[in-house]
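This briefing is meant to be read with the structure open beside it. Take the topics in order and find each residue as it comes up.

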Amino acid sequence: MKSEKTAIVRVAIQRPFYKVLDYQCQNDCLPAVGCRVRVPLGNATVTAIVVESGVESSLQLKAVTAVIDERPIFDRMMLELLRWASRYYLYPVGEVLFHALPVALRKGKPVPKELFWKAATTINNASLKTLKRAPKQYAMLSVLMENECDAFALKERFGNNWKNILRQLDKKGLIDTREEELSTSNLKRPENLTEKTPLELTTEQSHAVEHINAYFKADNLKPVLLHGITGSGKTEVYLRVMEPILSGNKQVLLLVPEIGLTPQLLQRVQQHFPQYRTAALHSGLADGERLNVWLGAKSGSLDIVIGTRSAVFTPMKTLGAILIDEEHDASFKQQEGFLYQGRDMATKRAHDAGIPILLGSATPSLESLHNAKTGRYHYLKLVSRPGKSIPPEMVLQDIRSLPLDAGISQLMMQEIGQHLQNNNQVMLFLNRRGFAPVLMCPSCGWHAECKHCDVGMTYHAASGRVICHHCGTEEPVKTTCPECGNKRLTTQGQGTERIEEVLKTHFPETAVIRIDRDSTSLKGSLEKKLKKVHEGQRVILIGTQMLTKGHDFPNLTLVGILDVDQALFSMDYRAQERLAQQILQVAGRAGRGERKGRVVLQTSQPEHPLLLNLLANGYYQTAQQILNERKQWHYPPFGAQALIRANAPDSDSAYQFLLKIEKEMSLECLDGCEIMGPMPSAMIKRAGRYRFQIMLSSRQRGLLHVMLEKALQILNHTRRTGGVRWTIDVDPVDFM
Ligand code: ADP
Ligand code: ZN
Ligand code: ZN
């Protein structure tokens, strides 16, 4: 007898749809929520993720073609978190779900089973001896005679080449392989790491650890903000806070801003916790490696995951706490596609899971400081450095009447000379790579501009090219002016390449090491350069923001900051916060050892209140001052904002599209919400597209979201012509 109703599953697919789709399914093989399936879509078959299962429907629907997963790849809580993110950031649910999956699983490949190897039962010491000539195979087989090992364990002991060695052994029939369902695996810890004697905590650190431990155990959990100056030993605090979580058989997720910092931290964590399994998850990993870590975290065989932004979506079987280092860092906000804020996702995840979260920074975001002030977060401080190291002295240098060479004052040059003479290291900070930002003709005023953006091209001397830093367009540098034929083009301003050149001529005896995206693009080159600095010899380091974070150079005593002024004049209301953070982070590289550090800020605005406040009263006071200003304007965190952006190959299409959106939205605008625009973005043309935006703001986040949902409907219904594309950016940080 045929029943009237059939069971259906509701699925999300990786397309820009805001809806989920229904498919019919055989009642006896109904996939669970969080499993992947294959479904027909148009003429194709695509991978989909089940978000609801077993709903009944009397509609005639297409049927699911295949069920891929026996067990869900997302647990309920992760699935809910991702669906929440889709609503909060108004981004298509399928795109969000697939974004959270390792690439290897997006295409619908089955989840690999986990493999374990041990020496074949017939193996004895005699057969081992036959491998005398192959020391690596010998070593691996000896290990496999003692223990059964998985890929993690073998990689940890034998490095990247472990697979080859294993294959050789397998060929000779010396090992047995066992397959296991992922979620049932219960792996051994690596045993070969030697534990370092842990540091004795300073009073301040122990105090922080005690408080955090207590907060973490309390019934009403609140995020904890740890505000510790640079070099105050926050990492040590993180490690101690992780101890009770791990010994309670729970996992820890540690989020960091930069992929460049993960190897250092990974090593430190592994040394502190040799008995636990730690792995890093970041965009630098190959797809297969990423998948392994992801699966290890999901099955519970990994105890600690250290990762960058997207690691916040790592499934973890028994997650016990989340820690975020440098929580203020802009890289936690994704700037393309799914525009989420990783830190905020982490706090939401911790809240939903009922687990503690610790946010650490030397320069906390104003949002977090505000949350601390209003009592939503616990707030703890570390105000001194352990041992003999003391925070550097910071001074302003008024350059208005000083002669400059490539933007460096003579006074600064003298100071550099002195510090080098005392066998110390010096670092100059300039957040602009290349030789000079302007290449121009002195006789007619022509200057090199990007064809696709409304900005100038930066002259790169090393490669002999001009490059657009916004869209990447590059050209060989011209030798004659294309307008008037003049044969002598000149440059204006300076980037790191030029500073490097000037310093090399000034200090021919000293090694000058430039660290920016150009000089470190080859794999391993950053490590090489950093190694030289760590060897402690006299060097001058020149760097962009790549150098600001986390590095610890004990012999560095002088830091010169060259481009303070630019940010002081920025139109972006977040520029001051960023500048204060950047200055302190860069400054924090100085005087980490026993020698006192000095930080010199070159500026033509020595009376600027931000600079004066920062130097005299420190970050907390400065942040309060900026917060007070924001309060008057109801800027975040005192209000919420979102941008609706649109772009098109021609300016009119983009503008007219947003104008229509704005008109319709104005009709429905709620009290307490404001719509501004459409207005051109700060950079109106970028990569060949003209860009406009509408700003939505409200003092109440709830109201803003009601408006955003209306906006989304209008956007989805409004016809787009002339190649218009649009995006919604909730809690934007970049107004370019
Ligand atoms: P932060 O992350 O707060 O900038 P780090 O955690 O990198 O600081 O610590 C700065 C330096 O101080 C490191 O070299 C670290 O080994 C050292 N350190 C941290 N805690 C202690 C301690 N209790 N005793 C001695 N040295 C310490
Ligand atoms: Zn000219
Ligand atoms: Zn460009």
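What follows goes from the whole chain to single residues.

The model is predicted. The chain has 21 helices and 32 strands. Its radius of gyration is 29 Å, close to the 27 Å that the globule rule gives for 736 residues, so the chain is as compact as a globular protein of that length.

**Overall build**

- The C-alpha trace of the chain spans about 90 × 75 × 60 Å along its principal axes.
- Among the 736 residues of the chain, 52% count as buried.
- Of the contacts in the chain with a separation of 6 or more, 75% are between residues 24 or more positions apart.

**Surface and charge**

- The chain has an accessible surface of about 34,200 Å², and carbon and sulfur atoms account for 49% of that surface.

**Salt bridges**

- There are 31 salt bridges in the structure.
- One of them pairs E415 with R598, and the closest N and O atoms of this pair are 2.7 Å apart. The two residues come from distant parts of the chain: E415 is in helix α14 (residues 410-421) and R598 is in strand β28 (residues 598-603), 183 residues apart.
- E415 counts as buried because its relative accessibility is 12%, under the 20% cut-off. R598 has a relative accessible area of 21% and is partly exposed.
- Another salt bridge joins K451 and E475, with 2.9 Å between the closest N and O atoms. This pair also links distant parts of the chain, 24 residues apart: K451 is in the loop between β20 (438-440) and β21 (458-460), and E475 is in strand β23 (residues 474-476).
- K451 counts as exposed, at 57% relative accessibility, whereas E475 is buried, with a relative accessible area of 18%.
- E500 and R514 form a salt bridge through their side chains, at 2.6 Å from N to O. E500 belongs to helix α15 (residues 496-506) and R514 to strand β25 (residues 511-515), 14 residues apart. Both residues of this pair, E500 and R514, are buried.
- A network also exists: R10, D22, E52 and R83 are joined by salt bridges that share partners.

**Cis peptide bonds**

- Which two residues does the cis peptide bond with omega near 5° connect in the loop that holds P637? The bond runs from P636 to P637, and P637 is in the loop between α19 (609-633) and β29 (640-648).
- G677 and P678 are joined by a cis peptide bond too, with omega at about 5°. P678 is placed in strand β30 (residues 673-686).

**Positive phi angles**

- N249 is not a glycine, yet its phi is positive, at about 65°. N249 sits in the loop between α9 (234-247) and β10 (251-255).
- Is N249 buried or exposed? N249 is exposed because its relative accessible area is 61%, over the 50% cut-off.
- A406 is not a glycine either, and its phi is positive at about 50°. The loop between β17 (404-405) and β18 (408-409) holds A406.
- A406 has a relative accessibility of 6%, so A406 counts as buried.

Notes
Residues numbered from 1 in each chain as written. Chains lettered and ligands numbered in written order. Predicted model: local features only at pLDDT ≥ 70, side-chain atom pairs only at ≥ 80, totals over all residues. Heavy atoms only, no water. Salt bridge = Lys/Arg side-chain N within 4 Å of Asp/Glu carboxyl O. Helix = DSSP H or I, 4+ residues; strand = E, 2+ residues; numbered from the N terminus. Buried < 20%, exposed > 50% of the residue type's maximum accessible area, 1.4 Å probe, protein only. Rg over C-alpha atoms; globule rule 2.2 N^0.38 Å. Contact = heavy atoms within 4.5 Å. Areas by Shrake-Rupley, 256 points an atom, 1.4 Å probe, with all protein chains shown as cover.
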